[in-house]
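Reader: I'd like to go through the labels on this structure one at a time. Could you set each one against its cut-off for me?

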Amino acid sequence: DRQDKMGFVSAEERWMKEDGKEWFTRQMTDSCKLLQDFVDPNQAMVYFHKMQQGNVPFTFDPWRVICLGQWLKSF
């Protein structure tokens, strides 16, 4: 019944902007190619780079694109 309880919080923003920057960029590039029928790869990468540089607020959208790309590879 605790109202202050939080779920597990991971560090996607830090990984995307610092520690895992190259990995995130590579995964976004690969996923955007796989999803080109659904998203414009150029626009998605421009938005992603703006987010990496802190020019737009952080969201989990790039992480979702990466996860969907991985799902497509698997299935």
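Reader: Why are α2 and α4 called oblique to each other?

Author: In this predicted model, the axes of α2 and helix α4 (residues 61-74) cross at roughly 60° and come within 8 Å. Angles under 35 degrees count as roughly parallel, over 145 as roughly antiparallel, 65 to 115 as roughly perpendicular and the rest as oblique. So α2 and α4 are oblique. The axes here are lines fitted to C-alpha atoms, for helices over the stretch in contact, with angles running from 0 to 180 degrees between N-to-C directions. The helices themselves are DSSP runs (H or I, at least four residues), numbered from the N terminus.

Reader: What is the hand of the crossing of α2 and α4, and which residues make the contact?

Author: The crossing is left-handed; that word applies if the near helix is turned anticlockwise from the far one by less than a right angle, and right-handed if clockwise. On the α2 side the contact is made by W23, F24, Q27, M28, D30, S31, C32 and L34, and on the α4 side by P62, W63, V65, I66, G69, Q70, L72 and K73. Contact means heavy atoms within 4.5 Å. These residues divide into 10 nonpolar, four polar and two charged.

Reader: What makes Q27 buried or exposed?

Author: Q27, in helix α2, has a relative accessible area of 11%, so Q27 is buried. Buried means under 20%, exposed over 50%, and partly exposed in between (1.4 Å probe, protein chains only). Leaving aside neighbours within four places in sequence, Q27 is in contact with I66 and Q70.

Reader: And F38, buried or exposed?

Author: F38 is in the loop between α2 and α3, and at 67% relative accessibility F38 counts as exposed. F38 and G69 are 31 residues apart in sequence and 11 Å apart in space, C-alpha to C-alpha.

Reader: How are α2 and α3 oriented to each other, and why?

Author: Helix α2 (residues 21-34) and helix α3 (residues 41-52) pack at about 165°, with their axes 10 Å apart. That angle makes α2 and α3 roughly antiparallel. Their crossing is right-handed. The contact includes F24, M28 and C32 of α2, and A44, M45 and F48 of α3. The residues of this contact divide into seven nonpolar, four polar and one charged.

Reader: How many aromatic pairs are there?

Author: The count is five aromatic pairs. Rings of Phe, Tyr and Trp (its six-membered ring) pair if their centres lie within 6.5 Å; planes under 30 degrees apart count as stacked, over 60 as edge-to-face and the rest as tilted. F58 and F60 have ring centres 5.0 Å apart and planes at 75°, so the pair is edge-to-face. W71 and F75 have centres 5.5 Å apart and planes at 45°, so that pair is tilted. Ring pairs also link W23, F24 and W63 into a cluster.

Reader: Which labels do W71 and F75 get for accessibility?

Author: W71, at 49%, counts as partly exposed, whereas F75, at 75%, counts as exposed.

Reader: What do the values rest on?

Author: Local features need pLDDT of at least 70 and side-chain atom pairs count only at pLDDT 80 or more, while totals for chains, interfaces and linings use all residues. Residues are numbered from 1 along each chain as its sequence is written, and side-chain values use heavy atoms, leaving out hydrogens and water.

Terms used: Helix = DSSP H or I, 4+ residues; strand = E, 2+ residues; numbered from the N terminus. Nonpolar A, V, L, I, M, F, W, Y, C, P; charged D, E, K, R; others polar.
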